[in-house]
Structure formats: C-alpha cells, structure tokens
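Me: Could you walk me through how to read a structure like this one? I would like the general idea each time, and then the case at hand.

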Amino acid sequence: MTTIAELPPGFVDKVLSAQSTFRSVMDAMARPGAVQRIVPMAGTPETMMRGTAAIALTLFDHDTPLWLDARMAESTDVLKWLKFHTGAPVIHDCSIVAFALISDGVLLPNLERFALGTNEYPDRSTTVILQVESLDSGQNFELRGPGIDGVATLQAAFKPFDLFEQLRFNETLFPRGIDVVLVADDAVVAIPRTTRVMSKGG
Amino acid sequence: MNAPAYNFAYLDEQTKRMIRRAILKAIAIPGYQVPFASREMPMPYGWGTGGVQVTAAILGPRDVLKVIDQGSDDTTNAISIRKFFAKTAGVATTTSTDEATVIQTRHRIPEASLHQSQVLVYQVPIPEPLRFLEPRETETRRMHALAEYGLMHVKLYEDIARFGHIATAYAYPVKVNARYVMDPSPTPKFDNPKMDNCPALQLFGAGREKRIYAIPPYTQVVSLDFEDHPFEPYRFNAPCALCGAENSYLDEIVTDDKGSRMFVCSDTDYCEGRQAAGHHGALSAAPYKDKARGEANG
C-alpha cells in the first residue's frame, strides 16, 4: 500500500509553477495548433505524462468533477495522487464532468457522452485532456478558426485516428461543444470547439 | 514576521484556479460571457475589480505590466493598479505599449498596434450588451442562446430615426466570430476596428457583474450596422495639440472658463513617443516654440 510519503510529489513551487503552466495552456487555447511547452515539472504517477500532471495540479480542485479512462481509474497510484494533490472528485458519470483525463486514446469514449454544455450555458462542458504519442511528428493537419492567422499546421500522431472527424460535431453544436487539450510529454496543443481541422495527408 | 501576508499577485490559489478555468472557456467560446465567482478586491467596484482579478490570474514574475485609464498611464486608477501589482507580484511595470506583455485597460485600446506575445485585459462595468434593452438575465441569456439580436438592431435603428445617424459613441456593440453580440466595454467606437483580427489575446473582466469573456487572437470582430448606415469610427476633427497626430483618438480639454479648449491624444504613451520623435502640435511645450519663434525672427 502506498503511503502519502511515497506518492510522487506535486509542484516544488505551487504558485509560480501553476502560473507558468496555466500560461502555456492559455496560449495553447488562444492559438490552436501551436505547440506550447510546459516547463515546471511535478512527480507523475504511472500512466500520467509530465504535461498532464502539471495541468491537473494547475486546474483541478474540489470544484471540478473528473472522469478517468479505464486504465487510470484502475490505478490506485493515480487516484491517490489526484486525491491528495488536487482533491478533485473522480466520478463515473462522464456526462457531468468538468475534465476528462485520457491516458490512451483507444480508451476515449464517444465524445457525445461527455458534457456538451447547454445553449444558455455552453461553458458547462467537459474539457478532454488526451495523451497522445507525438505533437511534432506524424500526420499533417491544417487548422482554421479563431486564434489562427489564416491557416495553422500541426503534425501529430495520436489515437483514436478519427479524433478530428469526431470533433467535427463541434461545428453544428456551437456554442455547445468539447474542447480538447492534447498532451505529449511536456508539449501541449489545444483544439477548442471553434477550430476546424482538415487532414493534409503525409 | 517577514512572510508576506498575501499570496503572489494577491489572490489565493483556489480563486486563481477558478478564474483560470473561466478564462479557458471564454477563449474557447469567443464573445460568450462566462460566469465566475468574483471576489471582493481591496478597491471599490467600478475601479476595475474584474480586470484586476483577470490580471492577477494570468500574471507571472517575468511579465511586464502596463495599466491605462482612458488611454493615460498617469491617472489615479492606472497608477494605483500598477502599484498594486508591483507590490503584490513584484512584476516590472512600464508605460510603453510595445514593451508590455500584459496591458490592463479601462476604456481605451492603445494606438500602437499590439503584437502576438501580448494580452490586453479590459475592465468592464456592464458586460451584457442587451442589459439596457432587456433587464432580465434569464431573457438576455436566452437571446444569446438563440442568437436573437433583433432588439439590438432596433435600438440602432431608433438612433437613426431620431438623430439621422447611429448615435452610439462608446460601448458600441460588436459581433464576435459571427456568433455572439458582445459589449467591447465603454471604449470609444473609434477603437472598435482595432479589435478585429488583433494579434493579441483580449480578455474582459467584469467584477461586480461576475463575468469573464474573451476574443482570441486573429478573430473576426464586426461592429453592428446597416447597409445604408455603415459603421463609422468617430474622432474630433483636429490634430493633437501636442504631437500633431491626425489619426489618434483625442480628448477635449477645457483650458479656461471662456470656452477655450485643446485636443490632445488620449493615449499618453503614443503622444509622448511622437513628441520624442520630433513631432509637434500647435500647443507644444516651450523648447519647440522658442526654436520656432527664433527661426521665424531670424
């Protein structure tokens, strides 16, 4: 059994690390497709990447119900780490959560099962944090939308391979929708609900 | 006891997390007003408590902060907020638009064009553009949900019927990314075109009304108008009396009780920059005048 003392640590400097991580995520959200780096590092429980752990420590607390994919939900390390460092309640009903943590894209449920917000309160939606293989190699994509000067390009390798096709539902749902944050180690790319992604092949 | 009695940038971490989550949603839904649990700040409502909370949530030790009030770096509100963050966050401050990474503003957008690495934080008194047309929050919320903005066009039409032109001069409503009608805060409509396709991220904080909203960089922002009454920015028809600028937004300053007045740039940094670069207006300070007179005499 893991005791508190054996848990991977949180940020060394809670305040400034959270600020720096937030600015990376904010810049990612404001400039979809642009790869941002998360500098401050914390201990990471098994199955969690460095970037994911930093985002969790920055944005999660008792006000943010979480949903974890099957692999993370099975890991007592992850559950204890999240509970000790963030206090965020982990729940099983993914239709009412503020954040979803996906350690592996094959475990991503149908996106329509998450909270999509309402037309009156489109902000009451789930932000999906998805760990991917790579954000600097793989398939090429073209992104358009607010935050992008014309066209942005993104090279990424991820599962599920049809993620961006699934995200097209954001177009008809708007202002409801799902915002996705892709994490590969310390790299972060956000795909907010306003971004339109086209595959460019390669 | 040497430990500071407050956290970095004043707000506690739980509050910052809550505001940060609201900012992310606001960026993802351009122009939509995200409700947030606004805190009491050590300044009264109407002095920029919303802007201050947004700034406190994003500010880091390496940021350079500029604060303007009606374009000026030198007014009480601007100075006290700048000092507040210099004291609570230890950040560097500046009056230069170009050097700043975070610019908090009340009622103006700087004249100098903003760049990609900047964030512009607006102080907002009434975030709801439909509030004076429909006082019920439940109704305005439904109107936004249905993108039902006919009432706003009726208001602009009534301006034309009564005055012959759209008489709204500030807080002129805009449509963001072809979806949400948004209040740009009480900036003069002269500034509206600067919001369109702006390289900097624009964040809006309304403390008393507890709303945060945003315009991501490079986002379409259109001022509402009619085909036969297109939107027109307004400025006084005069050059700046100090720097001679012909295309900046001007303040009218009454100089005596006999009706004398002068027009000067409202953006003090822009005006000082132009004067330092050798531009002069009709009422420039002594050295230039003496020189001019000397040349005229000689």
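Reply: Gladly. Let us begin with contacts: two residues are in contact if their C-beta atoms, placed from the backbone, lie within 7 Å. Leaving out residues up to four places away in sequence, Cys240(B) touches Ala245(B), Ser248(B), Leu250(B), Phe263(B), Val264(B), Cys265(B), Cys271(B) and Gly281(B). Please keep in mind that this is a predicted model, in which local features need pLDDT of at least 70 and side-chain atom pairs count only at pLDDT 80 or more, while totals for chains, interfaces and linings use all residues. Residues are numbered from 1 along each chain as its sequence is written, and chains are lettered from A and ligands numbered from 1 in the order in which they are written.

Me: Is Cys240(B) buried or exposed?

Reply: Here is the rule: a residue is buried if 20 or more other C-beta atoms lie within 10 Å of its own, exposed if 12 or fewer, and partly exposed in between, with C-beta atoms placed from the backbone. Cys240(B) counts as buried because it has 30 C-beta neighbours inside 10 Å. Its place is the loop between β10 (221-223) and β11 of chain B.

Me: What do the labels for strands and helices stand for?

Reply: Helices (H or I, at least four residues) and strands (E, at least two) are DSSP runs, numbered from the N terminus. Chain B has eight helices and twelve strands.

Me: How do I read a strand pair, and which strand is joined to β11 of chain B?

Reply: Two strands pair if DSSP finds at least two bridges between them. In chain B, β11 (residues 250-254) is joined by five bridges to β12 (residues 261-265), and the two run antiparallel. Opposite Ile253(B) you will find Met262(B) in β12(B). The two strands form a hairpin with six residues between them, and Gly259(B) in the turn has a positive phi of about 90°.

Me: How does an open sheet read in chain A?

Reply: Follow the strand order. Six strands make an open sheet in chain A, in the order β1-β8-β7-β4-β3-β2, with mixed pairing. Its edge strands, β1 (36-37) and β2 (66-68) of chain A, each pair on one side only. Within chain A, β7 (residues 179-184) and β8 (residues 187-191) pair in the antiparallel sense over five bridges, and Val181(A) stands opposite Ala190(A) in β8(A).

Me: What about helices, for example the span of α5(B)?

Reply: The expected span of a helix is 1.5 Å times one less than its number of residues. For the 14 residues of α5 (residues 150-163) of chain B that gives 20 Å, and the end C-alpha atoms are 20 Å apart, so the two agree. After α5(B) comes Gly164(B), whose phi is positive, near 90°. As for burial, α2 (residues 49-58) of chain B is mostly covered, with ten of its ten residues buried.

Me: Which residues does Gln202(B) contact, away from its neighbours in sequence?

Reply: Gln202(B) is found in β8 (residues 201-206) of chain B. It is buried because 28 other C-beta atoms lie within 10 Å. Setting aside neighbours within four places in sequence, Gln202(B) is in contact with Leu120(B), Tyr122(B), Met195(B), Ala214(B) and Ile215(B). The C-alpha atoms of Gln202(B) and Ile27(B) are separated by 9.0 Å, although these residues are 175 apart along the chain.

Me: How are the domains of chain B laid out?

Reply: Domain bounds come from an automatic or database domain assignment. For chain B the assignment gives domain 1 (13-223) and domain 2 (250-297). Their C-alpha centres lie 31 Å apart. Twelve residues from domain 1 and five residues from domain 2 take part in the contact.

Me: And how many residues of chain B are in contact with chain A?

Reply: 30 residues of chain B are in contact with 30 residues of chain A. On the chain B side, the largest share comes from α1(B), with eleven residues. That side divides into 17 nonpolar, five polar and eight charged residues. Here Ala, Val, Leu, Ile, Met, Phe, Trp, Tyr, Cys and Pro count as nonpolar, Asp, Glu, Lys and Arg as charged, and the others, Gly among them, as polar.
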